[in-house]
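Subject: Structure handover

Hello,

Here is the structure I said I would pass on. My notes follow below it.

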Amino acid sequence: MSHQPFENWIFTNGLTLEQHKALYEHLQSCERCKNLQNRLHSMENQMRTAAIIAPPAGFNQRWRASFAERLERQQRQQVRRLFLLLAAAILISFAITAATLLVSSSVEALLFSSVKTVLSTLMSFNQFLLFLLTLVRMLPPAIPIALWILLTSGVALAAVVWLVSLWRISTQGVYIQ
Ligand SMILES: [Zn+2]
């Protein structure tokens, strides 16, 4: 029995209708070509299945979620560290101002302390601005605008209160003398 051209036709796409019919008839009676076709089909199936195999269900989402969580935790830590730094800077300048005002007994010293207070206020305000800038650069745009406004106005209010109390401390010092 001749297996040509049927063996070639098994691997050929786009056979004519007559070729299809002839191949079909040959395969009905030829075990060898039938086996060849079966092997080709199972190979094609395996390739198709291998291509479809995807990572385990939910893997992508889980990975993405854990990544976002890690990023968020990192950012929260950075913000907390910056707040701590700011608080420390405020406390230190407060302490310096208070100590200078308490210790000073002469007009010169008071003048000196006033200048120092103004300077340290300016410096702290500079630090505060730097802090705000860093915060703006660090916070993801995903943070709700409302929360943003709340945070910014809260920090600004705290800064104003702090500046006013600094000013009062320095003027009170002048009045005492
Ligand atoms: Zn054959």
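Is Thr117 buried or exposed? Thr117 is buried, because 21 other C-beta atoms lie within 10 Å of its own. The terms work as follows: a residue is buried if 20 or more other C-beta atoms lie within 10 Å of its own, exposed if 12 or fewer, and partly exposed in between, with C-beta atoms placed from the backbone.

Before the rest, a word on the source. This is a predicted model, in which local features need pLDDT of at least 70 and side-chain atom pairs count only at pLDDT 80 or more, while totals for chains, interfaces and linings use all residues. Residues are numbered from 1 along each chain as its sequence is written.

The chain as a whole

The protein chain has 6 helices and 0 strands, in the order α-α-α-α-α-α along the sequence. Helices (H or I, at least four residues) and strands (E, at least two) are DSSP runs, numbered from the N terminus. Of the 177 residues in the protein chain, 8% are buried. Among contacts with a separation of 6 or more, 70% join residues 24 or more positions apart; two residues are in contact if their C-beta atoms, placed from the backbone, lie within 7 Å.

The start of the chain

Pro5 sits in the segment before α1 (6–10). The peptide bond that leads from Gln4 to Pro5 is cis, with omega near 5 degrees. For context, most peptide bonds are trans.

Helix α2 covers residues 17–29, and its 13 residues should span 18 Å at 1.5 Å a residue; the end C-alpha atoms are 19 Å apart, which agrees. The expected span is 1.5 Å times one less than the number of residues in the helix. The number of buried residues in α2 is 1 of 13, so α2 lies largely in the open.

Helix α3 (residues 31–52) has 22 residues and reaches 32 Å from its first C-alpha to its last, close to the expected 32 Å. Here the number buried is 1 of 22, so α3 also lies largely in the open.

Thr117 belongs to helix α5 (residues 107–138).

Ser165 belongs to helix α6 (residues 145–176). Ser165 is exposed, because 12 other C-beta atoms lie within 10 Å. The C-alpha atoms of Ser165 and Phe94 are separated by 9.6 Å, and the two residues are 71 residues apart along the chain.

Regards
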